[in-house]
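Q: Can you walk me through this one? I'd like to start with the sheets.
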Amino acid sequence: MSDITAYAAPRSLDEAVSLLQAGDVTILAGGTDLTPQTKSGKLTFRPTLMNIRRVPELSGLTESGGVMRIGALTTISSLLASPLIHERFNGLWQACDHFASDQIRNAATIGGNICNASPAGDTLTPLLTLDARVVLASKPNGSIVRRTTPLGEFLTGPGRTARQPAELLEAIEIPMPPEGFFSAFFKFGTRPALDISVISIAIGAVRDGRKLTRVRIAFGAVAPTAIRAAATEAALEGRPIDAAAIDAAVAAAVNETKPVSDVRASSWYRRELVGNMLRRMLDHVANS
Amino acid sequence: MSAPTDISDFSIGKPVRRSEDAALIQGRGRYSDDIAVDGQAFGAVVRSRYAHGRLRSVNIEAAKGMPGVLAIYTAADLAAYVAPRSPFALKSIDGSPMLGATTATFAKDKVRFVGDPIALVVAESEILAREAAEAVEANIEPLPAVTDARAAAAPGAPQIYDDIPGNLPLHTHFGDIDKVTDAFSRAAHVARLRLVSNRVVVAAMEPRAALFEYDPASERFTAHIQSQGVFGMRNNLAAAMGVPPEKMRVLTGQVGGSFGMKGVVFPEYMALLHAARDLKRPVKWSEQRTESFVSDHQGRDHDIDAELALAADGTFLALRMSGYGNIGAYVTPFGAMIAALNIHRNAQSVYRTPLIEMHMRCMLTNTPPIGAYRGAGRPEGNYIMERMVEEAARISGIDPIDLRRRNHIRPEQIPFATGIGTIYDSGDFTGLLDEAIEAADWNGYAQRKAESVARGKLRGRGIGQYLEITAPPTNELGKIDFDEDGGVTITTGTLDFGQGHATTFAQVLVDKLGIPFDRIRVVQGDSDRVTIGGGTGGSKSIMASGAAIVEAGDKVIEAGKLAASHLLEAAVSDIVFSRGVFSVAGTDRQIGVLELARRLRVATGLPTDCPVTLNAVHVHKASPSAYPNGCHIAEVEVDPDTGTVAVVRYTMTNDFGTVVNPMIVAGQAHGGVMQGVGQALMERVVFDRDGQILTGSFTDYALPRASEAPPFVIRNRPTIATTNPLGAKGCGEAGCAGALPAVMNALVDALKPCGVTHVNMPATPEVVWRLANGKQARAMD
Amino acid sequence: MAKVSMTVNGKVVTADVDPRTLLVQFIRENLHLTGTHVGCDTSQCGACTVHVDGVAVKSCTTLAVTVDGANVTTIEGLAHGDHLHPMQEAFRENHGLQCGFCTPGMIMSAVDIVNRKGSNLDEATIRAELEGNICRCTGYHNIVKAIGDGAKAMAGHAQAAE
């Protein structure tokens, strides 16, 4: 049964993690995924529904000590409105721009998008290319404990993460990238609007003349989680971005992605798209 | 009162802003789910999770004991009720009537599709009803399922009914085999294509919902329910429940789109009516969208091999079709008729083609039943013909426009009796094609194409010339009442579900009787007031209700002249009526129609031969179909890297006869085209091997959005219909009929450089990409 | 049960609700404001769009408890007395609705688009920004026109008010 016996709207992180420590809790942030999932029966409410929207520690976008901290409750709309995100993390900004529709962006949070861990989650691929880490808070023995883990390790499967039941995703940390860094995002659905992507691609790299270093490539919807593409990155790392490098990267990408076939697209078509779209993005990089 | 306005601003032909809108734009519409009454209970339906299986038992005990549960009903409780039969006397080749011509109520011994209703749970609240519905245990022994019509016809296919061999309840043939065979033997060219009309969901934005009440004292039901006409829905619900029609009242408020789907009796309605009577409580039911993906009737799903025989000069000799209509798990009132009658009749289109043959197998499958969906065979027939014309042009080397011109029925041949038994009363098909070409800037295409190519896109253009046979207007009420408050009420039995009837019908009355627009009300949604009427469907409302109003207006004028002759003290032969005023010819003595109606209401001591009222009750007698037609021209761009197709230009020239409100008519055409674009490029219902729906929500089912819609250029080029007093032809379904072929012909044209000669619908990016990269695709599969 | 209090169309409302109650249920069933519609259960169609603290959200995925203390505007709260909002007027003038079911959500989204993107909207922007709203009747042509006109009228309105 999906009866909720308690509803809580904590006003502090301490209160929130105490509640998590105490019992069986459904965490509610934006609700844009939670509500359809509970309606469709994919997810049932636990006895305590905890609305974390009033927890002040979970909001805010701040830069200090070479690290960008994005509070887990930051909405996709807030990210879109941030000049800092637009200028320094343009791939993430583009992903936010392609995220569902405005009404959803106004409610959906970046923390929710991460914890929902969809293989096609829009913010996940750009965050992977930014070496993002997640900060998890819990209160196991009377005081708040935090651990930080790379996003790539946090995502463990479709809808699954390394978050323990008593942990709350507090923030996302992104090391401020060096000079010359650029990033980009591409998403292809069977239709442009609101679609869960058939494939998505994020790239990030430091550019020095024609040479790319610190290359990060991530793919969405081609594996059980959003993934980094090691072979594709290696094909580009430290090389000038020219036709040969692009060919090698595309070949590596098609080779290292093993997407599933479903009603949205066949595995074969997804791989073709990965190759074609990566080529389009890299051509754009080469020509700009 | 509003400022006085010139009535001519509101007459026929004027783009009058809709009187319906003030309420709708402020959230004051009354849709079925908006209705709530004291003491209402809520129903939730238990549905089959299997596409095919033996229903061994239904265990309701656990659910019955749950909080708030009032009752649970299964097929055993509903055995007395039978949904109305198909109104069409369809016969197979051997003369036998269609088998299984009823929809079942609830599943009894077998379940036949995912979504097949099994039980109704009624509880004190919606959430309690839904929770209890989850707890009802249907013990189903799964059987192999079949969802595709050709597969259902194959030997060894799962048999869905014990008494319908081969899943084939109806096997029809139309046409003269010998003559058609002879025509093909004489042909210089034969075009051949297999044409699939993909299954779509109707997806009216308002899900189905209803509230049923029963009054034990009068033994009368009241059904607040969506419909396409309250008179027909009342009769059908009464028949289903086995009560006289007067024991059923149907009230329909605003309907949030229907497109053919909401006009029929669904099994849930019988169960809910039963519950309302059994519990003596109002029972409400409201479907969630996910449920509607399996509980609403779906549209299309035909798979047809077509051949067109041409003489050396391009003259069409014969069109031969043979195919399968997937009608789903149950026979609905319209499901089989669409495949068996409407497709080939509409394939005649604007061409002289003397011989048409259709061999159709209507197949039962383990899928939701097929019903009427915008056009109901009309778009499918036109799609077939226009694809065949293009294919014929390709194989014969004759220019496709020229080929159309050579085969058009010419104005001087009208009235034209076609081989399929229709008589076209009006139309100028070549003139219309020429105007469409001009409107679409045909000559500027080369430059637009060059621009597309420069951006790395493929571009193509396509023509969809169409002609549809509307439903024949049935007997229809036209009642005009001059009310105490000085207003005038039109009562008629068609029903608005977005078409703007209140505005359009008022314009007809403004034109006829000169009554100010803002004094006119239209009543359609109460079966106690609508005493006869064929409802809305098949693009016939303007011909049916419009004619009824015009003819009732004649009765008002006739009575008014007699009354005016008394009041103005003149001979009735001297009374003339013009623009709302009765006057004595050659004098300044006159009286307005509203004033005359008022005087009659209050007058005493009138002579016995003077009418006591101007109110008129009239029934328009069933009249022939009309033939709306037009020519649509689409231009598409294809992204060769992804296979994405975008409709970038869309021009249409339509002949809808007399257009009462061009703004509303254009809106109907826009919407119809978009439903066609959706079917052509993105919409599809997909089942897996077990018959589970894979596209069961708007997340996986692609309903067109604004960014996928083109802007439209639209022109009217009317020829006046001779079969109804307004000269109108109906416009509701035409958009779909033009859009399917225009878009698909354009896409085939765009893919010509890739060696593609045909694409089946829906042309999703993956389909297009595979075709455009044919060799590679096969090598890598 | 959870207590919620919010301002809806200028009126403060307070109620005890099941925490699972959606904002749209609260609006339709508790407040009897039935202009906000439910067209799907996967947050795709946008018929349920309302404004919460001035921005558009889908009330079918928003739990009522999460908007505790917020200021909510529904389609019923858009007009000022007898004076229609310019966007409502534009939908009527441009025949931007047929069955009217998606219309409240369309209008609420349209106002939000103008709030975000300004009053000088080109066709491509309007079409792109309408990604969260589905209409089955109109083919969108007249909705796009209505929003373009409504945006201009809103600018004119704002100017006149200054």
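**Sheets and a chain contact**

A: Chain A has an open sheet of five strands, ordered S4-S5-S10-S6-S7, with antiparallel pairing. Strands are DSSP runs of E of at least two residues, helices are runs of H or I of at least four, and both are numbered from the N terminus. Two strands pair if DSSP finds at least two bridges between them.

Q: Which strands of chain A stand at the edges?

A: Strand S4 (61–64) and strand S7 (145–150) of chain A do. Each has a single partner strand, so one side of each is left without a neighbour in the sheet.

Q: Is this an experimental or a predicted model?

A: This is a predicted model: local features need pLDDT of at least 70, side-chain atom pairs count only at pLDDT 80 or more, and totals for chains, interfaces and linings use all residues. Residues are numbered from 1 along each chain as its sequence is written, while chains are lettered from A and ligands numbered from 1 in the order in which they are written.

Q: OK, back to chain A. How many bridges join S5 and S10?

A: Five bridges join S5 (residues 67–71) and S10 (residues 168–175) of chain A, in the antiparallel sense. Met68(A) stands opposite Ile174(A) in S10(A).

Q: Which helix packs on that sheet?

A: Helix H1 (residues 13–22) of chain A, which touches strand S6 (133–138) and S10 of chain A. Its direction makes about 75 degrees with that of S6(A). Axes are lines fitted to C-alpha atoms, for helices over the stretch in contact, and angles run from 0 to 180 degrees between N-to-C directions. Contact means that the C-beta atoms of two residues, placed from the backbone, lie within 7 Å.

Q: Now chain B. What is the strand order there?

A: Seven strands form an open sheet in chain B, in the order S3-S5-S1-S13-S10-S11-S12, with mixed pairing. The edge strands are S3 (69–74) and S12 (248–251) of chain B, each pairing on one side only.

Q: And S1 with S5, parallel or antiparallel?

A: Antiparallel, over six bridges between S1 (residues 41–47) and S5 (residues 117–123) of chain B. Phe42(B) has Ala123(B) in S5(B) as its bridge partner.

Q: How many residues of chain B are in contact with chain C?

A: 41 residues of chain B are in contact with 44 residues of chain C.

Q: Which helix gives the most to that side of chain B?

A: H17(B), with seven residues.
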